[in-house]
Amino acid sequence: MRTTTLTDDDLLSGRDAASFEAFYLRHVDTVLGYFARRTGDAELAADLASETFAAALAGRGRYRPRSGAAGAWLFGIASRKLADAQRRGYAERRMCRRLGMERIELTDADIATIEALGETALLDGLPVAQRDAVHAHVIEERGYGEIAEELDMSEAVVRKRVSRGLATARRRIGRQS
Amino acid sequence: MSQDFTTRLQLQLREAALREERRGALGRRLTGLRLAAPPPTAAAGFALAAVLVAVVVALGGIRWGGEEAVSEPKVVGDVPLAENLGTIGAGFGSVWVADTDRQRVLRVDPRTRRVVARIATGGDPNAFGGDPVITVGAGALWAIARRPGFDGGAKVLRIDPRTNRVTARVTLRPKGAPRFSVLGVQIIRGVPWAVGAQGAIELDPVTAEERRFLPIEVPSGEPYPLWIMGTDTELWVLTREQRIDRYALGSGRRTGSLPVRLPATVGVLPYPEGTVLLGRTGEIARMDPSDGRLAWRRTLGTMIGVPVLIDGTLWVHASDTAGGHDRLVELDLETGTVRSSTVLPQFGGVGLARSGDDLWVSSPAGHVMIVRPSRH
């Protein structure tokens, strides 16, 4: 089954593994960024994202398609998981255990990526040039040289855009936390 | 050599979704059987057993008759060995597989496909990629057993294949390095090296003690490099700047640096016949190591494993998140032409090894899948 052109509603309504996997790939960065931003803790964000997608997988039979509702449904689960974790002081793993999913230990690189996803929640307000440079270097993990070549500019300019973009994003996080 | 968090979660969700899918389909079939069939009798039971055996045979779960040559690659075995499997290797007349559920090595007789020895190694049950991480070569089986946390002190174990006993167990703590995040053991010119995010440690092949440490340069503020691999004379490091830095194994000095031209490269395999690049999203390419130019480039699904090279042919496990079953793909190293693509019965591939004529693929769900290549 090709899933690339299907809507979120189609993917959640499908009962096959490939549909859910495509749904996961569409939303995982956003969900991780949401948790990273709200918790400030990459490990907790990863646990909450795992539990959220496990709950979505187990509960997708109860989802009723309405145009544009799939994202809201997923974030409804996410916000409940976050509230539970804030109340308990840790992320529950009930749905992961039910589905036989093991806890994933994070590497330093994973932590850096998740933290960056949390920061990119704020990238939308950045100037386009800085946002694109930060996205290319931090999220897509591309080298400065490769980005510079693609944008037809010097590596130093790309480095400056990334640096300024991240600095602005960090200042915003500081103000909002 | 490693997968990031989102990929590992993707794999876990895929397997959970497939289990649900199978459970749902089986439930529906059994419900239909109950609704349509008369009360069970011995005859009905035998009939059902016969149907199940036929299904298992069709899926390749039972092998009838002797060895056979095939005109196209063919799955000739799908054998459950444990709850979870990790890395796999072949040597000393056996196939060795990491049981990452119980932190032990399983020694498998390739002829009967039965486990003939279980060797406890210890390790972190939640370790990145699963413990132990095994390698066969330099006269022994080598296993890495980590402590919880990516930077925890890990041990390297040397296992004697004649006795299946652990003959050395050494903590990897290189002199001059504050920490060592080990990824695995590589055999370079017959000598074992423990390779990690901070460099490589040459090990004594008998005692497993450190002989020397070859550190690599990691830019300040950058996370670990993406990939480290040894050639006969050099250590190749794929940096997050998408460059391959080379270090001479003899002097430890950096001898060169080359940009990588395949976007989002996450793995580099320097074969004597040509260097292969692995992309994050299922791309594979052959690179000219003198100038970095790509000789060819192919996309095989959305995620690929680490290939093995046999007689100029690359074999690589490929998944396609949108296209269903995983496959074992055979590629001509020279041209990149796909020679065959074999559907695999299990999802996920964490290790690939050659035993005799056959290729063994270990799956995270605990099966080994055995593929017999065609006779070209």
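**The core and its surroundings**

Modeller: Chain A, read along its sequence, follows the pattern α-α-α-α-α-α-α-α-α, and its secondary structure comes to 9 helices and 0 strands. The model is a predicted one. Of the 177 residues of chain A, 46% count as buried, and among the contacts in this chain with a separation of 6 or more, 63% are between residues 24 or more positions apart.

The part you ask about takes us to chain B. The largest nonpolar core has 86 residues, and those with the most contacts inside it are B:Val97, B:Leu141, B:Ala143, B:Val156, B:Ala194, B:Val316 and B:Val361. Strand 7 of chain B, residues 140-145, gives the most to this core, with 6 residues. Apart from this core lies another, of 46 residues, which includes A:Phe23, A:Tyr24, A:Tyr34 and A:Ala56.

With neighbours within four places in sequence left aside, B:Val361 is in contact with B:His317, B:Leu328, B:Leu344, B:Gly349, B:Leu352, B:Val368, B:Met369 and B:Val371. B:Ala194, for its part, has B:Ile201 in strand 12 of chain B as its bridge partner. Strand 11 (residues 191-196) and strand 12 (residues 199-203) of chain B pair in the antiparallel sense over 4 bridges.

These two strands belong to an open sheet of 4 strands in chain B, ordered 10-11-12-13, with antiparallel pairing. Strand 10 (182-188) and strand 13 (210-215) of chain B stand at the edges of this sheet, each with a single partner strand, so one side of each is left without a neighbour in the sheet. Direction ignored, neighbouring strands of this sheet are turned by 25° against each other on average.

Chain B also holds an open sheet of 4 strands in the order 18-19-20-21, and the pairing here is antiparallel. Its edge strands are strand 18 (265-271) and strand 21 (294-299) of chain B, each of which pairs on one side only, while the twist from one strand to the next averages 15°. Within this sheet, strand 19 (residues 274-279) and strand 20 (residues 283-287) of chain B run antiparallel and are joined by 4 bridges, and B:Thr275 stands opposite B:Met287 in strand 20 of chain B.

Conventions: Residues numbered from 1 in each chain as written. Chains lettered and ligands numbered in written order. Predicted model: local features only at pLDDT ≥ 70, side-chain atom pairs only at ≥ 80, totals over all residues. Core = buried A, V, L, I, M, F, W, Y, C linked by C-beta atoms within 7 Å. Buried ≥ 20, exposed ≤ 12 C-beta atoms within 10 Å, placed from the backbone. Contact = placed C-beta atoms within 7 Å. Pairing = 2+ DSSP bridges. Axes fitted to C-alpha atoms, helices over the stretch in contact; angles between N-to-C directions.
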